[in-house]
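Hi,

Here is the structure I promised to pass on. Have a look at it first, and my notes follow below.

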Amino acid sequence: MLKREKDVTRMRIVFISYMTALGIAVGSFLNVVIYRVPLKLSIIRPRSFCPSCKTTLTTMQNIPIVSYVVLRAKCRHCHAAISWQYPCVEVVGGILFAAGSWHFGFTWQLPVFLVVFAGLLALSVTDFLSLLVPKRIVYAVLSLELPLMIAASTANHEWSKFVTALICAAVWFLLFFTLNALSPRLLGFGDVRLSPVLGLALGWLGVGYVFWGFFLANLVGAVISLGLIASKRMTRNQRIPYAVFLSLGLFLSVLTGHLLAGHYRGF
Ligand SMILES: [Zn+2]
């Protein structure tokens, strides 16, 4: 390997490591969002506290992953168990940011997708726990995603991609809006509200990514639902946390869409 190549590889590893650490920190913030937004509490004040005894956590008790391990998953004051959900969201946040920075590198696209990944992680958890897709989170994601996308389009002079993104977002929204109007039980309005976030992000990469992401979301959703129904852990009439599958579909499409592009022209 040439010296220059070695330097580039080393810089890439350093960059991805930094982004992973950032993802873990963002995951820690998302835990606050996931806990407080459905309860309609402020996400800024007060400082993080134990949900059981309400004691404010010290900085040392609030370090992502590390504190969970050091405290052995128990609150120091009341000894109530700390949910494994906290370190889980932090680890997944780290994985998402690592995958994003590995895939996009140091580009204008990266911040857009990091915002989308982080937002979808929070929404997946709230949807999984309580079948909720809170609008406060959806609008927060949109209000960051859109300006970042406009900044990236300006910097790269790629306005046609932005127009494609807007059209995909509109079409996806209309499709879900119609499905919701026909059967609100089949598709909740939370998923309708979420659709522009997905349509913008995937449409920006290309129309093919939208179809591929939507296909993957439904494939994964169908396989898991059928598995749960077959093993009698879910009934046929139970609602599924669709936002989880839509998020998974988006993530997989972002990472694998370019592989298909090599096989199909105009993808
Ligand atoms: Zn406590």
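Keep in mind that this is a predicted model. I started with the overall layout: the C-alpha centres of domain 1 and domain 2 are 23 Å apart. In the domain assignment of the protein chain, domain 1 covers 1–106 and domain 2 covers 107–267.

Where the two domains touch, 18 residues come from domain 1 and 18 residues from domain 2. On the domain 1 side, the elements that put in two or more residues are helix 1 and helix 3 (85–104). Helix 3 gives the most there, with 10 residues. If you sort that side of domain 1 by class, you get 13 nonpolar and five polar residues, and no charged ones.

The crossing of helix 1 past helix 4 is right-handed.

As for who meets whom, helix 1 brings Val26, Leu30, Val33 and Ile34, and helix 4 brings Ala118, Leu121, Ala122, Val125 and Thr126. By class, this contact has eight nonpolar residues and one polar residue, with no charged residues.

Cheers

Technical notes:
Residues numbered from 1 in each chain as written. Predicted model: local features only at pLDDT ≥ 70, side-chain atom pairs only at ≥ 80, totals over all residues. Left-handed = near helix turned anticlockwise from the far one by under 90°. Helix = DSSP H or I, 4+ residues; strand = E, 2+ residues; numbered from the N terminus. Contact = placed C-beta atoms within 7 Å. Nonpolar A, V, L, I, M, F, W, Y, C, P; charged D, E, K, R; others polar. Domains from an automatic or database assignment.
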